[in-house]
Amino acid sequence: MAHKPEATVVSDLAESLVNGDPGPVGELFSGNGVAAPLISWTPCAADISSNPLDFLIEFWQSKRGNQKWPSAEMIDPVDLRPALGGLLVCEPTDNASDFRIRLYGSKLALEMGRDLTGTFISDFEPDSYITTFYLACYQAVVARGAPLFTRHAPSAKAYAVDIKRLLLPFGTSDSVTRILTGVDSVPRRPLGRPAWSKR
């Protein structure tokens, strides 16, 4: 039976990410037989090397102005068209213990073989280390209020061989209420095939 990642494990990983310590995440990945991910706070376009994600970091910076982060009202699909198919828009719930997926891009749905709109990050692959990592990343972005870039080569059962992710905070003057996530991946299989059972 599927179960959600343990809250304490996720929060401890999130704290290590906020503090700039990649060690615990590296241990999580190595314990599952995969290489540790690349993790970078407040990246610039040169750090990312991805056309859609480069566009997103520049978009976020331009909308932020002198604020800590842009208003959630700045998330407009028309403005985000160059990266729209690979976007998630997530909303923190239960004091950021989980995140509801309000928008799941069409390209991501095609690659995954399912549309995750309306579900939660914890529902992604409840028994997988990668869901623990993803939840920790979202919690860390809420806590630190800064863009987070990650890149990892997932297990052989995943839908992709290389996954780049850029998490961008949006919200009110004092809290993050949305996280816009861009995903740029290299699929392992032809698009449209049934999804792999594990990520």
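## Strands E5 and E6

Asp162 stands opposite Val186 in E6. E5 and E6 pair in the antiparallel sense over eleven bridges, and a hairpin of four residues joins E5 to E6. Strands (E, at least two residues) and helices (H or I, at least four residues) are DSSP runs numbered from the N terminus; two strands pair if DSSP finds at least two bridges between them.

## Basis of the model

The model is predicted: local features need pLDDT of at least 70, side-chain atom pairs count only at pLDDT 80 or more, and totals for chains, interfaces and linings use all residues. Residues are numbered from 1 along each chain as its sequence is written, and side-chain values use heavy atoms, with hydrogens and water left out.

## The sheet

Six strands form an open sheet in the order E1-E4-E5-E6-E2-E3, with antiparallel pairing. Strand E1 (38–41) and strand E3 (98–104) are the edge strands, each pairing on one side only. From one strand to the next, the twist averages 20 degrees. In general, strands of a sheet pair through backbone hydrogen bonds, either parallel or antiparallel.

At the E1 side of the order, four bridges join E1 to E4 in antiparallel fashion, and Ile39 has Thr150 as its bridge partner in E4. E4 is joined to E5 by five bridges, again antiparallel; here Phe149 stands opposite Leu166 in E5. Strand E4 (residues 148–152) is largely enclosed by the rest of the structure, because four of its five residues are buried. Buried means under 20% relative accessible area, exposed means over 50%, and partly exposed lies in between (1.4 Å probe, protein chains only).

Strand E2 (residues 87–93) and strand E6 (residues 176–187) run antiparallel and are joined by four bridges. Within this pairing, Leu88 stands opposite Thr181 in E6, and Val89 has Leu180 as its bridge partner in E6. E2 is also joined to E3, by six antiparallel bridges, with Cys90 opposite Ile101 in E3. E2 and E3 form a hairpin with four residues between them, and Asp94 in the turn has a positive phi of about 50 degrees.

## The nonpolar core

Which residues touch the most other members of the largest nonpolar core? Among its 57 residues, they are Leu56, Leu88 and Ile121. Helix H6 (residues 129–144) gives the most to this core, with ten residues. A nonpolar core is a set of buried Ala, Val, Leu, Ile, Met, Phe, Trp, Tyr and Cys residues joined through side-chain atoms within 4.5 Å. In soluble globular proteins, nonpolar side chains tend to be buried together.

Not counting residues up to four places away in sequence, Leu56 touches Leu80, Ala83, Leu87, Leu166, Leu168, Leu180 and Gly182. Contact here means heavy atoms within 4.5 Å. Leu167 is found in strand E5 (residues 160–171) and counts as buried, at 0% relative accessibility. With the exclusion of residues up to four places away in sequence, the contacts of Leu167 include Cys137, Tyr138 and Val141, as well as Ile179, Leu180 and Thr181. Leu167 and His152 are 15 residues apart in sequence and 14 Å apart in space, C-alpha to C-alpha.

## Packing of helices H1 and H2

Helix H1 (residues 7–18) packs against helix H2 (residues 23–30) at an angle of about 130 degrees, with the axes 8 Å apart. H1 and H2 are therefore oblique to each other. The contact is made by Leu13, Ser16 and Leu17 of H1 and by Pro24, Val25 and Leu28 of H2.

Axes are lines fitted to C-alpha atoms, for helices over the stretch in contact, and angles run from 0 to 180 degrees between N-to-C directions. Angles under 35 degrees count as roughly parallel, over 145 as roughly antiparallel, 65 to 115 as roughly perpendicular and the rest as oblique.

## Positive phi in loops

Most residues other than glycine have a negative phi. Thr42, which is not a glycine, has a positive phi near 45 degrees. Thr42 is placed in the loop between E1 and helix H3 (45–48) and is partly exposed, with a relative accessible area of 49%.

Ser49 likewise is not a glycine and has a positive phi of about 55 degrees. Ser49 lies in the loop between H3 and helix H4 (51–64). At 54% relative accessibility, Ser49 counts as exposed.
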